[in-house]
Amino acid sequence: MNRSIKKVAVLGSGVMGSRIACHFANIGVEVLLLDIVPKDAAADKKSRNKIVDDALAFALKSNPSPIYRKSFAKRIVTGNFDDNMKDIANCDWIIEVVIERLDIKKQVFENVEKYRKLGTLITSNTSGIPINLMNEGRSEDFQKHFCGSHFFNPPRYLRLLEIIPTPKTSPEVINFLMHYGELYLGKTTVLCKDTPAFIANRIGVYGIMSLFHTVEKMGLTIDEVDKLTGPVLGRPKSATFRTCDVVGLDTLVHVANGVAASCPKDEAIDVFKIPGYVSKMVENKWLGSKTEQGFFKKVKGANGKSEIHSLDLKTLEYKPSVKAKFATLEQTKSIDNLRERMKVLLAGKDKAGEFYRTSFYGLFAYVSNRIPEITDEAYKIDAAMNAGFAWELGPFEAWDALGVAETVKAMEAAGNKPAPWIYDMLASGATTFYKVENSTKKYYDIPTKSYKVIPGTESFIILDNIRANKTVWKNSGATLTDIGDGIVNLEWNTKMNSIGAEVIEGINKSIEIAEKDFRGLVISNEGANFSAGANVGMIFMMAVEQEYDELNFAIKTFQNTMMRVRYSSIPVVVAPHNLALGGACEMSLHSDRVVAHAETYMGLVEFGVGLIPGGGGTKEFAVRLSDELQEGDIELNNFRDRFLTIGQAKVGTSAYEAFDLGYLRKGKDVVVISRNRLLAEAKLNCIELAEAGYTRPVERKDIRVLGKQALGLAYLGANSMQVGHYISEHDTKISQKLAWVLCGGDLSQPTLVSEKYLLDLEREAFLSLCGERKTLERLQSIITGGKILRN
């Protein structure tokens with residue numbers, strides 16, 4: 001069936017429903033969002049839609065925003081179950097997101113059957129109610145098109161979508177939702193069995209409950225545990241207890257109780273029993289963020305400033321947070337590779353090492369015993385934890401990193417014997433759960449005792465899988481890889497993927513190689529962020545030592561490299577994701593095309609450290625301003641907008657906002673929703689440019705700058721802001737330098753200038769600001785984590 005989704009109905013506008021509606025609006029789908037009519041509502045539409053309208057308004061004001069661009073909210077139409085349920089007849093997919101009570105869900109579905117047209121998809125976002133129970137009493141067509149579709153909160157940001165079919169769900173429906181969720185919604189879609197808590201919550205809540213008990217036994221503090229279970233493990237900064245506060249302790253207890261009640265044969269059922277201190281917290285309504293205190297509480301200190309206090313689990317009193325330190329963690333500071341770091345963490349001789357061994361050996365045993373209960377394939381558990389809980393390594397991936405056979409022996413010694421199929425796997429000669437073969441990642445298939453390609457990954461280009469056999473060139477920080485069809489990809493691996501000398505060398509060398517032997521170059525990577533920008537530490541050291549000749553050379557080299565990106569004989573496509581700040585934004589500005597992931601946060605942020613963009617970013621804004629200028633007031637309005645974008649260090653909160661801020665170009669740059677497909681899409685765009693007969697652009701000498709006409713306006717505005725105490729004297733100076741470059745200096749009238757002219761102005765302004773004490777203090781503050789060091 002050639003199915004397409006043009007309009008979606010979301011039934012229920014609570015925290016999940018309203019945000020699911022927003023995410024469908026993000027991808028261009030019309031949304032009908034419905035909820036109940038308030039009791040004693042008046043007859044007018046506003047009164048009858050108060051619940052749904054208030055819920056949507058609250059969602060749109062929340063931070064982080066559930067919507068890519070504010071205007072996208074116009075795609076959502078609200079209504080109520082009484083007056084507007086009939087309108088679902090025009091929808092292609094109906095998603096139920098009402099309260100987690102089976103009786104109420106059944107009432108909703110009975111009402112849906114009255115208006116739903118045959119063939120319409122109908123799914124439930126339940127997080128725990130058995131899907132098959134909701135299907136009872138429904139028509140054959142309903143049952144055929146019904147399954148679970150479990151989004152994770154917040155739906156825009158967490159990439160997991162669990163699809164849970166019943167025996168009566170049509171295979172066509174399952175296949176469509178798996179494909180649609182990944183391609184259009186940007187999700188990692190995981191096919192689950194209809195078991196309690198499905199996959200991610202079953203494993204994730206086990207991990208949290210196990211940790212609750214371990215903490216009690218080992219006498220660890222909340223601060224110590226969050227130090228041990230955060231970024232050092234490749235997991236979010238919120239780690240464990242902060243995550244619990246965000247999710248809500250009552251929610252975790254509800255899921256844990258549900259698993260305990262529904263899974264009496266679970267060998268780890270005692271783990272799901274609620275510890276005494278957790279029960280007391282729930283009794284006290286210390287549920288986390290929703291009640292303003294949980295494992296953490298914000299209080300006012302003696303100086304009147306807010307402080308974060310953490311709960312003492314023994315006394316249940318809040319105390320100032322204490323920075324945790326462990327010898328094992330100190331040993332891992334220089335180990336960037338997570339898989340290598342894992343080995344050191346579990347080998348630790350202190351309490352940290354004991355904690356890791358207890359936690360992971362129990363986790364490994366638990367996940368091995370969940371097969372085939374919750375899934376038949378180990379890779380689905382890893383995928384669910386990667387996407388739903390933001391674990392960089394899923395349980396089986398972590399097990400591989402530690403060595404399966406060696407870890408099994410240690411688990412046995414610790415009393416955590418894994419499932420029999422693990423021994424069968426090792427006996428078959430297979431020693432890992434995954435392997436890369438012919439640049440393709442494969443998983444161990446338990447029934448056949450062989451390795452198979454992970455379904456759905458055939459359309460992805462994954463650098464980790466091809467780098468070993470396809471590297472064309474590399475240095476200490478950058479790697480150039482042949483990704484096929486005459487296209488190469490440049491990536492780098494530095495702290496925060498910052499751009500330093502090795503990256504600059506990599507860009508120039510990659511273009512040189514691509515011009516000689518390939519058709520095009522993509523610049524993309526698989527790091528947590530595309531790039532946080534230039535290496536400010538290098539800039540600071542040169543500035544503080546007053547090595548201005550060296551600094552001038554470094555900035556000129558950066559500018560020349562960006563111009564090399566613009567003026568090469570092959571197309572250069574930049575594919576950013578997450579942070580793309582400062583120099584990374586400047587690189588994007590100079591590319592032939594940007595293929596950005598929807599979750600790209602792009603901006604020229606140099607003003608915040610006391611500088612202006614010095615790698616061609618200010619020049620490029622002058623170029624784009626020239627291309628859009630019109631005579632009269634409109635050109636001054638455009639100038640003001642461009643000036644404020646840099647002057648206020650504005651960062652787009654999505655790739656779509658980057659268009660609004662002028663970082664991306666309408667009709668030229670592209671947004672991709674699926675992170676997994678970003679590199680493949682960038683490659684296709686690069687091929688398209690090459691096959692269209694790409695020709696090296698002609699360097700610009702026709703850039704119209706406004707001179708004194710706009711310069712006076714900018715100076716006046718900055719001085720007025722300083723007089724009003726809105727900005728500092730130093731900010732005024734930066735503003736004037738920025739205006740000077742954007743206006744082309746104090747030219748007496750609008751004039752046509754060259755890119756070189758503007759780059760020279762930009763570099764001169766940048767260097768002069770590097771000598772300012774306030775700039776040095778701001779740079780130093782960033783490098784030292786907020787501390788200003790003075791001689």
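These are my notebook entries on a predicted model of one protein chain.

**Ground rules**

I number residues from 1 along each chain as its sequence is written. Local features need pLDDT of at least 70, side-chain atom pairs count only at pLDDT 80 or more, and totals for chains, interfaces and linings use all residues, while side-chain values use heavy atoms, with hydrogens and water left out.

**Confidence**

I looked up pLDDT first, the predictor's confidence in each residue, from 0 to 100. The chain has a mean of 94. I found 98% of its residues at 70 or more. Over residues 786-791 the pLDDT is below 50. Beyond near neighbours in sequence, that stretch has ten contacts in the model, a contact being heavy atoms within 4.5 Å. Where pLDDT is low, predicted coordinates should not be read in detail.

**Helix pairs**

I took helices as DSSP runs (H or I, at least four residues) and strands likewise (E, at least two), numbered from the N terminus. Axes are lines fitted to C-alpha atoms, for helices over the stretch in contact, and angles run from 0 to 180 degrees between N-to-C directions. Angles under 35 degrees count as roughly parallel, over 145 as roughly antiparallel, 65 to 115 as roughly perpendicular, and the rest as oblique. For residue classes, Ala, Val, Leu, Ile, Met, Phe, Trp, Tyr, Cys and Pro are nonpolar; Asp, Glu, Lys and Arg are charged; the others, Gly among them, are polar.

I began with α30 (residues 708-723) and α31 (residues 729-742). Their axes come within 9 Å and cross at roughly 170 degrees. The two helices are therefore roughly antiparallel. From α30, I listed L711, A714, Y715, A718, N719 and Q722 at the contact. They meet E729, T732, S735, Q736, A739 and W740 of α31. By class, this contact has six nonpolar, five polar and one charged residues.

Next came α9 (residues 200-218) and α12 (residues 249-262). I read an angle of about 105 degrees, with the axes 10 Å apart. So α9 and α12 are roughly perpendicular to each other. R202, V205, I208, M209 and F212 of α9 make the contact with L249, L252, V255, A256 and V259 of α12. I count nine nonpolar, no polar and one charged residues here.

The last pair was α15 (residues 338-346) with α18 (residues 395-402). The axes come within 8 Å and cross at roughly 75 degrees. That makes this pair roughly perpendicular. R339, M342, K343 and L346 come from α15, and A398, A401 and L402 from α18. The classes are five nonpolar, no polar and two charged.

**Salt bridges**

I used this rule: a side-chain nitrogen of Lys or Arg within 4 Å of a carboxyl oxygen of Asp or Glu. The count comes to 51 salt bridges. For accessibility, buried means under 20% relative accessible area, exposed over 50%, and partly exposed in between (1.4 Å probe, protein chains only).

D103 and R101 pair at 2.7 Å, N to O. D103 is partly exposed at 36%, and R101 is partly exposed at 43%.

E136 bridges to K106, with the closest N and O atoms 3.2 Å apart. E136 lies in the loop between α6 (131-134) and α7 (140-144), and K106 lies in α5 (residues 102-115), 30 residues apart. I find E136 partly exposed at 42%, and K106 partly exposed at 24%.

E620 sits in α26 (residues 617-628) and R566 in α24 (residues 548-566), 54 residues apart. E620 is buried at 3%, and R566 is buried at 12%.

I also noted a network of salt bridges that links R202, D266, E267, R370 and E373.

**Two single residues**

I placed T561 in helix α24. It is buried, at 1% relative accessibility. Residues up to four places away in sequence aside, T561 touches I504, I507 and N508.

E599 lies in the loop between β21 (593-597) and β22 (600-603). E599 counts as buried at 7%. Which residues does E599 contact, leaving aside neighbours within four places in sequence? I listed Y68, R156, Y157, H577, N578 and T653.
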